[in-house]
Amino acid sequence: LIRRASRDNNPKLCEQISALEERNLCKENLIENEAFTTKSILLCEKLVSDSRKISCKNALFYNEAIATKNDDICNKITNNDSFQKKCRSEIVFEKIKTTSNNEVQNDLCNTLEWDQKNSCTERVKSYTAIQVYDQAQSSWKVGSCDNISDWSLRNTCKDQILIKQAESNKD
């Protein structure tokens, strides 16, 4: 009944639950669902359980921070350092995607805590290699592939361009 009430967003179904604890849980689920749908911190405040209030608000802050790419909002996440870190790193990765400047990308990685910097730097290298690959493929210049550090991707890049060139020369 709790699941159905949540799925259908139907508070009347919650009222049909005889056990008080389960009825309250059902009502809290509906409040939380509405808070997520309307993005309302005020609805999170209506939750009875303190841990649920915090969890609800943290989720809303996280979603807002990612949507706006504003890592200051991550600071509003409380009682959960790992969720706050995840928030910041996701924003960094979103910003990295929107710039092709390697220096800016590495600077963004440096804003992360030490345990996340390596994975960020590796992600930048991978992202950069794919950008170079795409540029080489669109320009048909085999020499452009030499800027790819990963030997397998570099060779694939060259092979693909040589195949395209050979096919275009057949016509």
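**View 1. Buried residues of helix H8.** In H8, the buried residues are Gln116, Cys120, Val124, Thr128, Ala129, Gln131, Val132, Tyr133, Ala136 and Gln137. Buried means under 20% relative accessible area, exposed means over 50%, and partly exposed lies in between (1.4 Å probe, protein chains only). Helices (H or I, at least four residues) and strands (E, at least two) are DSSP runs, numbered from the N terminus. This is a predicted model, in which local features need pLDDT of at least 70 and side-chain atom pairs count only at pLDDT 80 or more, while totals for chains, interfaces and linings use all residues. Residues are numbered from 1 along each chain as its sequence is written, and side-chain values use heavy atoms, with hydrogens and water left out.

**View 2. Helix H8 from end to end.** H8 covers residues 114–139, which makes 26 residues. From its first C-alpha to its last, H8 reaches 38 Å. That is close to the 38 Å expected at 1.5 Å a residue; the expected span is 1.5 Å times one less than the number of residues. Just after H8 comes Trp140, with a positive phi of about 65°.

**View 3. Ser119 in helix H8.** Ser119 has its place in H8. Ser119 counts as partly exposed because its relative accessibility is 44%. Phe36 lies 83 residues from Ser119 in sequence. In space, Ser119 and Phe36 are 31 Å apart, C-alpha to C-alpha.

**View 4. Arg52 and its contacts.** Arg52 is found in helix H5, residues 50–68. Its relative accessibility is 16%, so Arg52 counts as buried. Arg52 touches Leu25, Glu28, Asn29, Glu32 and Leu47, leaving aside residues up to four places away in sequence. A contact means heavy atoms within 4.5 Å.

**View 5. The whole protein, for orientation.** The protein has 9 helices and 0 strands. Its radius of gyration is 25 Å, well over the 16 Å that the globule rule gives for 171 residues, so the protein is more spread out than a compact globule. The radius is taken over C-alpha atoms, and the rule is 2.2 Å times the number of residues to the power 0.38. The C-alpha atoms fill a box of roughly 75 × 40 × 20 Å along the principal axes. Of the 171 residues, 31% count as buried. Among contacts with a separation of 6 or more, 28% join residues 24 or more positions apart.
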